[in-house]
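The sequence and structure come first, and the notes follow.

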Amino acid sequence: MNGYERRSELKKDKIRAAALELFSIYGTDKTSVNEVAQRAGVAPASIYNYFGSKDGLIKETVLNLLESSWKERKELWETDLPFPELLKRTLSMKDNFIEQTNPELFHIFDNDIEIKKLIDSFYKTRYPHIVGLFLEKGRKEGYIRRELSLEAAMLYLKMYQNLAKEHEIIKSGNKDLLKEVFDLMIYGLIGKPIDDESK
C-alpha cells in the first residue's frame, strides 16, 4: 500500500467512525451525508467518491463494524488470559457493541444481500472457531462442562442470538433487555454439572 492509498484508507476510517457515531445517536434516516462529512472533517464529495451514496456509506459502515468486532473477539480468545478475564472482556465488548449500535442497524443485517452473505459465512466458518476456543478454554480451566459438545454449544448460542434478533426486541430499542439476553446466553454455559455441586 503506497502513501496515497494509506491516506485514503485513513480518511475512509474517519468517515466510517463518524457515520457509526451519528447513526447510533440519530439513526440512519435522520443523519445526512453533510453531517457525517462535518463530523469526519472531510468534504461531502469525499463520501460520494469513496462510498458512492448514503446507502453505500451505511452498508460499508455496517460491514466494517461487523468485521472489526469479529476480529477483536477472535484476537481476544487467542490470547493466554485466564477464562474469567476473557469472559469479562467479552461481555464488555458485547456491551460496547450494543451501546454503539442503533437497533435500526440490525434491520440492515437482514435486508442487504452482501451483509447477509457475510453473516452467513461467519456462522459457518469463523463463529465455530471462536466458540471452539471458548469451550476449550472454559473446559481446561473447569468453568464449562467437559462433556458439552461444540454442536450443542453452537445450537444453544444460536438460540439466544436468534432471540436477540427478534423484531419486537429490536423495535423496542431496549438495550438493557438485549444485554440481559446476552448475559443469560453466556452465563448459562458456565458452572458445574448438577451432580458435581455437592463436591
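**Aromatic pairs, cores and fold**

Tyrosine 143 is partly exposed, with a relative accessible area of 32%; the cut-offs behind that label are 20% and 50%. Its stacking partner, phenylalanine 83, is buried, with a relative accessible area of 1%. The model is predicted.

**Aromatic pairs**

- There are five aromatic pairs in the structure.
- In one of them, the ring centres of tryptophan 77 and phenylalanine 134 are 5.2 Å apart and the planes meet at 75°, so this pair is edge-to-face; planes over 60 degrees apart are counted that way.
- Tryptophan 77 belongs to helix H4 and phenylalanine 134 to helix H7, so the pair links distant parts of the chain, 57 residues apart.
- Both tryptophan 77 and phenylalanine 134 are buried.
- For phenylalanine 83 and tyrosine 143 the centres are 5.3 Å apart and the planes are at 20°, so the rings are stacked; the limit for stacking is under 30 degrees.
- Phenylalanine 83 sits in helix H5 and tyrosine 143 in the loop between H7 and H8, so their pairing ties together parts that are 60 residues apart in sequence.
- One aromatic cluster is formed by Trp77, Phe83, Phe134 and Tyr143.

**Nonpolar cores**

- The largest nonpolar core contains 30 residues, and those with the most contacts inside it are Leu66, Trp77, Val131, Phe134 and Leu135.
- At least two residues of this core come from each of helix H4 (54–77), helix H5 (83–99), helix H7 (113–140), helix H8 (150–164) and helix H10 (175–187).
- H7 gives the largest share, ten residues.
- Apart from neighbours within four places in sequence, leucine 135 is in contact with Ile144, Leu148, Ser149, Leu150 and Ala153.
- In soluble globular proteins, nonpolar side chains tend to be buried together.

**Overall fold and surface**

- The protein has ten helices and zero strands, and its pattern along the sequence is α-α-α-α-α-α-α-α-α-α.
- Of the 199 residues in the protein, 41% are buried.
- Where contacting residues are at least 6 apart in sequence, 65% of the contacts join residues at least 24 apart.

Note on methods
Residues are numbered from 1 along each chain as its sequence is written. This is a predicted model: local features need pLDDT of at least 70, side-chain atom pairs count only at pLDDT 80 or more; totals for chains, interfaces and linings use all residues. Side-chain values use heavy atoms; hydrogens and water are left out. A nonpolar core is a set of buried Ala, Val, Leu, Ile, Met, Phe, Trp, Tyr and Cys residues joined through side-chain atoms within 4.5 Å. Buried means under 20% relative accessible area, exposed over 50%, partly exposed in between (1.4 Å probe, protein chains only). Helices (H or I, at least four residues) and strands (E, at least two) are DSSP runs, numbered from the N terminus. Contact means heavy atoms within 4.5 Å. Rings of Phe, Tyr and Trp (its six-membered ring) pair if their centres lie within 6.5 Å; planes under 30 degrees apart count as stacked, over 60 as edge-to-face and the rest as tilted.
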